[in-house]
Amino acid sequence: MVIEPKHNLTVLYGIWCNYKLKRYTEAEKLISENKQLHENNEYSSCYELFVLLVKCRENIPSMKLINLAIKIVEDFKQGEDYELVNFYIDIVLDLFNRSGNELEKIKYLEMKVNLTKKH
């Protein structure tokens with residue numbers, strides 16, 4: 001798969017798509033080819049999140065993975081980008097679902113409902 005133009009967001013999206021399609025080898029290839037994103041202040045958190053997601057695959061997520069996803073939601077929540085916040089809330093919800101943490105999941109479901117009502 002060739003991603004053109006090779007923009008940081010398209011690379012992250014490529015990693016995400018391969019992860020969701022369970023094409024982990026392709027996702028790992030994109031990760032290894034784009035390690036510079038780890039050093040980029042704007043994209044490093046998202047890159048690290050996707051790296052951890054790919055490593056975790058469909059297993060029970062680690063607290064490090066969950067906490068990073070929560071941090072990203074909190075960081076993006078400060079802005080006005082509804083779609084981006086909604087996207088990362090969905091990731092957090094999936095992680096809580098896989099970890100069996102229903103109480104925290106409820107908090108983020110409420111956040112998602114409130115965000116949706118506003119938009």
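I worked on a predicted model, in which local features need pLDDT of at least 70, side-chain atom pairs count only at pLDDT 80 or more, and totals for chains, interfaces and linings use all residues. Residues are numbered from 1 along each chain as its sequence is written, and side-chain values use heavy atoms, with hydrogens and water left out.

Helix pair. I looked up α1 (residues 8-20) and α2 (residues 24-33), whose axes come within 7 Å and cross at roughly 160°; helices here are DSSP runs of H or I, at least four residues, numbered from the N terminus, and axes are lines fitted to C-alpha atoms over the stretch in contact, with angles from 0 to 180 degrees between N-to-C directions. The two are therefore roughly antiparallel (over 145 degrees). In contact (heavy atoms within 4.5 Å), Gly14, Ile15, Asn18 and Tyr19 of α1 meet Tyr24, Glu26, Ala27, Leu30 and Ile31 of α2.

Largest pocket. I noted a volume of about 250 Å³, taken as the space filled by probe spheres set on grid points joined across faces, edges and corners; a pocket is an open set of points on a 1 Å grid over the protein atoms alone, where a 1.4 Å probe fits, with protein on both sides within 12 Å along at least five of seven lines, and lining residues have an atom within 4 Å of a point. Its lining takes its largest share, 4 residues, from α1, and includes Trp16, Glu42 and Phe87.

Second largest pocket. I found about 180 Å³ of space here, with α6 giving the largest share of the lining, 4 residues; Phe76, Lys77 and His119 are among the lining residues.

Definitions and conventions:
Angles under 35 degrees count as roughly parallel, over 145 as roughly antiparallel, 65 to 115 as roughly perpendicular and the rest as oblique.
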